Amino acid sequence: MGRALLILGWLATTGLLVTGLLGFQVSPESGIGLHLLVGLFSSLLILFSHCWIMFYLIGTGKAVKGAVAEHGLSPDLSARTIEFKNRSYPWLLRAMGLVMATFILGGGVATRVRPSWVHALLFALALAGQIRSLLLEGEVILANDRLMQQVDAEIRTAEESVVL
């Protein structure tokens, strides 16, 4: 599931990039309709993927914590899941905040309350933050998957030793 959410995040990032390209082509004649629509869809998809990756890490962390308690495994396994969250959450929240700020202040640009350079700068920061978040999410999800496999292997080993 984590990998599927990561793929969704990369698709949303592609949409964010397309939104930026459309934004730089906006003129009084063309309007902002398509830019706004693609931006809204991409922003919501980014928020969705990051939130669900956070929930995924919470859920797998809880599963590892339960397995550690139930099977008497090393508490270091649970500590690693906390490390995954501590490492990734700040970047996920930063990326989500930048995407939301870019979208919201885009409305200020559309109504001519804010200068367009503010929106463009936020877009660049949001895109960079999003890419950094996704790269980090990839590392964390792979490490989390390896941890889950390790926990499963240790449970099987513990159960086999009890049977013997």
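Predicted model: local features only at pLDDT ≥ 70, side-chain atom pairs only at ≥ 80, totals over all residues.
A nonpolar surface patch of about 670 Å² is formed by Val26, Ile32, Leu36, Leu40, Leu44, Met100, Phe103 and Ile104. Patch members have over 30% relative accessible area and no salt bridge; like charges are joined within 9 Å, and nonpolar side chains (Val, Leu, Ile, Met, Phe, Trp, Tyr) within 5 Å. A salt bridge here is a side-chain nitrogen of Lys or Arg within 4 Å of a carboxyl oxygen of Asp or Glu. Areas come from the Shrake-Rupley method with a 1.4 Å probe, and for residues only the protein chains shown count as cover.

Residues are numbered from 1 along each chain as its sequence is written, and side-chain values use heavy atoms, with hydrogens and water left out.

Returning to the patch, helix H2 (33-71) and H3 each supply at least two of its residues. Helices are DSSP runs of H or I with at least four residues, numbered from the N terminus. Ile32 lies in the loop between helix H1 (2-23) and H2, and at 33% relative accessibility Ile32 counts as partly exposed. That class lies between buried, under 20%, and exposed, over 50% (1.4 Å probe, protein chains only).

The largest nonpolar core has 23 residues, and Ile53, Leu57, Val64, Leu73, Leu77, Leu147 and Val151 have the most contacts inside it. Such a core is a set of buried Ala, Val, Leu, Ile, Met, Phe, Trp, Tyr and Cys residues joined through side-chain atoms within 4.5 Å. H1, H2, H3 and H4 each give two or more residues to this core, and H4 gives the most, with 8 residues. A second, separate core of 11 residues includes Ile46, Val99, Leu122 and Phe123.

Next, the aromatic rings. The whole structure contains 3 aromatic pairs, where ring centres of Phe, Tyr or Trp (its six-membered ring) lie within 6.5 Å; planes under 30 degrees apart are stacked, over 60 edge-to-face, and the rest tilted. Phe24 and Phe123 form an edge-to-face pair, 6.5 Å centre to centre with 75° between the planes. Phe24 is in the loop between H1 and H2, and Phe123 is in helix H4, 99 residues apart. Phe24 is exposed at 61% relative accessible area, whereas Phe123 is buried at 13%.

Finally, the backbone: phi of Arg112 is near 65°, a positive value in a residue other than glycine.
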